[in-house]
Amino acid sequence: MRSPEQYLGFPVGADRSLADWEQITGYFRLLSENSPRCRVIEIGRSTEGRPFLLATITSSENHARLEQIQQVQRELADPRGKQGNELAELTALGKTIVLMTNSIHATEVGPTQMSLELAYELVTACDEETMEVLDNAVLLLVPCANPDGLDLVVNWYRQTLGTAYEGTAPPQLYHRYAGHDNNRDWFMFTQQETRLMVEHIHNTWHPQIVLDCHQQGQDGPRIVLPPFVDPYDPNVDPLIRQGAAWLGQTIAAELSAHGKTGVMTNVTYDAYSPSRNYQHYHGGVRILAEVASARLATPVTLVEQHLRGGRGYDPRIATWNQPEPWRGGEWRLRDIVEYCKLAGLACLRHAAKYRGLWLKNFVAIGQRATAPRPYTYAFVLTRRQRDPRVAAELVEILMFGGIEVHAALLPFSADGVDYTTGTYVVLMQQPYSSFAKTLLENQGYPDVRRFSGGFLRQPYDMAAHSLPIQMGVTVTEIRAPFKASLARIKQPPRFVPHPPAVSLHGRWLYIRPEPNGMYTALTKLLLAQVPVHRLMHDYEEPALPPGTLIVSGEAREFVMELAADLGLSVGGLPCGDLPPVTTLTRLPRVGVYQGYVPSPDEGFMRFVLEQYGIPYATLKDRDVRAGGLAERLDVVVMPSASAKNISDGLMAGVYPPEYCGGLGIAGSLALREFAEGGGTVVGVDHACDWCIEALRLRVTNIVGSSREDEFLVPGSFLRVAFDTNHPLAYGMPKEEAVVFVRSPAFSVEESARVVGRYPSVNPLVCGLLHGAEKLFGRAALLECAVKKGRAVLIGFRPHHRAQARGTYKVLLNALFR
């Protein structure tokens, strides 16, 4: 069997040497062809079309009965209806299933390189420990969770090797849409790679253990492992919490036993959000191994006194959770490979040695999940929603995550409320009830402090993640048990548009503005050169809100096709003449700014626009600085990014000149000229600060300089009141929750039109808000005149990670303004 070094022509982890995806897939296929312990399959294709591999490594005897082992896992994952003897027999037949995923963040190159060596050692070694692992465990190895990003990073590294720019990260997102936030997609399932892993690995194998290998900054501990810090999501079973702590400390002890220093546990990373913790809600443990980085494959030299700590720890000091600090020196890719490999082997040894206990606890977690809950019996989702298609998308998300959804066959009552036939019901007595509950309930972030009067412990990611609130879907939590005739649905539902209020015959047809799909219809109508009118005021008979689309009856067949496809509510207008409207005869020419400092917000914005079929052009720094934007564009959108990143961009000398400098003064002048000449500039979230300065708006971000002890919103959902008569809020409800992540809030002069405003009471809907009074009555969404044009400031994240579908309309309205 050829070793990775023999295959690649260099040792794994060698300085300044990285294997690309073609080399890695080639080697894994070689292992599969030559070893009875390894089977490699392609489970699908990545976003950009690369093969996505899964390697299953276990003994040849286990491979011979792999289907039986997988069936045992399915049986154990749902213990309902099984007696103790049957479960004991299944447990005796089962194996500990360990899923190991690598380098979801593509600049964290070490774990993927390490996977070659780990796989080779497991398929060739015959020592007692390895044989125990192969006999008692099944390793599901994902060599790289982001193949597109791997090739991007490797190609950039090779291109800059030997230059002053060696070891820098690529000046673009390392996932086409999500960038670094691709590990925040594991409860919304928007990205191809997420869906592949959930559908073909998690939901088919139900692993007891997931080891997710990452890298972190250069100058902290050499590796960080669980126990996770508080807070934990309270929906995570205590056995899972204990299992993560047990496994993390065991791996840490093995690393120390191998002479590795700087091994730290119980810092930085919590398990509050389901972002990447899918298995925590599906019966298994998911742990992180975060190893210190080099400069990709280029070594770094670090002096001990320059190592940096975080809140509550110092990597230079020996403590219970880091008994032996790393004393500095040279740190190279080979060190990363060794730490990762030792962590993986320690995890596998633990899984094999305690096979019986892992499976027993797996069953116990499932039994507790299917037992009655003391406070929540079910969640219900009625079919009558503002946007039936988005409601159907929520049901699809739940079902994709393994959650059982039922439909009512007859009317029923629950908690004193009557519900109609067809109402969707999510019962809590099911294997993945904790996942359903964390997705559907409102989160109240706990007050966690290291000591009384100390700083509030902030979440590592978001303080809120409720999908109904983000998506604008009405879901009701039912406390008391109820009786109903229910049938489990097998396929995600079709959206059911509201029936037309009047006949579809007539001179004019209307399309209501509440569904997000209306913007796809608007785009398709304009592409087909069908003029579209939008109501400027309420219409009484039938009752229609401002923003309703009005189309000639001659397009009736096309409109009905769109309505059926997109879940739109349409009807006919009895009048002969049009009421007051604005008229659109072509699509707006939209430009989306893309700086060289990568912004996941920009990537997700492109994703959303493509999902809705809205054309756009990407604007780089040079495109904006060149000026003449009005000749090509009507709208320029500035996705969320700091004012510094937009203005200054990447640092000269660190990156090649063509990637440096940001928009600078020239870009600022060009966008001001564009707006003053009649264009629209849309600033989103943090980009509003740059827009205020560049466009000389008479607006102040009143929370921009606040200290954390004065004002803190690290990722929560806040209530905003919208002026739905204004075009920016067409189709919105009078009040809606917005995603606020250290976002701006505005004090404005009379020249600005406030379209969204925080109430004069605490606006918190879900999550954490400290210093609420700073937001009382402040503007969240506004429009400012800039001579002939305008600036739109959206002081929140309207398309946050392709999750906040309840506020997509704010962004899309700004484009069609």
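This is a predicted model: local features need pLDDT of at least 70, side-chain atom pairs count only at pLDDT 80 or more; totals for chains, interfaces and linings use all residues.
User: OK. How many residues of helix 14 are buried?
Analyst: Eight of its eight residues are buried. Helix 14 spans residues 433-440 and is mostly covered.

User: Which residues are those?
Analyst: Ser 433, Ser 434, Phe 435 and Ala 436 are buried. Lys 437, Thr 438, Leu 439 and Leu 440 are buried too.

User: And what covers the buried residues of helix 14?
Analyst: The cover includes three helices: helix 12 (355-369), helix 13 (388-400) and helix 15 (467-471). It also includes strand 13 (378-381) and strand 17 (424-427).

User: How many bridges join strand 14 to strand 19?
Analyst: Three. Strand 14 covers residues 406-408, and the two strands run antiparallel.

User: Which residue is the bridge partner of His 406?
Analyst: Arg 488, in strand 19.

User: Switching topic. At what angle do helix 2 and helix 8 pack?
Analyst: About 125°, with their axes 9 Å apart. Helix 2 is residues 21-34 and helix 8 is residues 147-160. The angle makes helix 2 oblique to helix 8.

User: Which residues make the contact?
Analyst: Helix 2 contributes Trp 21, Gln 23 and Ile 24. Helix 8 contributes Pro 147, Leu 150, Asp 151 and Arg 158.

User: How do the residues of that contact divide?
Analyst: Four are nonpolar, one is polar and two are charged.

User: Last one, Leu 211. Where does it lie?
Analyst: Leu 211 is in strand 5, residues 209-216.

User: Why does Leu 211 count as buried?
Analyst: Because its relative accessibility is 0%, and the cut-off for buried is under 20%.

User: What is Leu 211 in contact with, leaving aside neighbours within four places in sequence?
Analyst: Leu 99, Met 100 and Thr 101 are on the list, as are Ile 287 and Ala 289. Ala 343, Gly 344 and Cys 347 complete it.

User: How many residues apart along the chain are Leu 211 and Ala 343?
Analyst: They are 132 residues apart along the chain, and their C-alpha atoms are separated by 9.0 Å.

Terms used:
Residues are numbered from 1 along each chain as its sequence is written. Side-chain values use heavy atoms; hydrogens and water are left out. Axes are lines fitted to C-alpha atoms, for helices over the stretch in contact, and angles run from 0 to 180 degrees between N-to-C directions. Helices (H or I, at least four residues) and strands (E, at least two) are DSSP runs, numbered from the N terminus. Angles under 35 degrees count as roughly parallel, over 145 as roughly antiparallel, 65 to 115 as roughly perpendicular and the rest as oblique. Contact means heavy atoms within 4.5 Å. Ala, Val, Leu, Ile, Met, Phe, Trp, Tyr, Cys and Pro count as nonpolar, Asp, Glu, Lys and Arg as charged, and the others, Gly among them, as polar. Two strands pair if DSSP finds at least two bridges between them. Buried means under 20% relative accessible area, exposed over 50%, partly exposed in between (1.4 Å probe, protein chains only).
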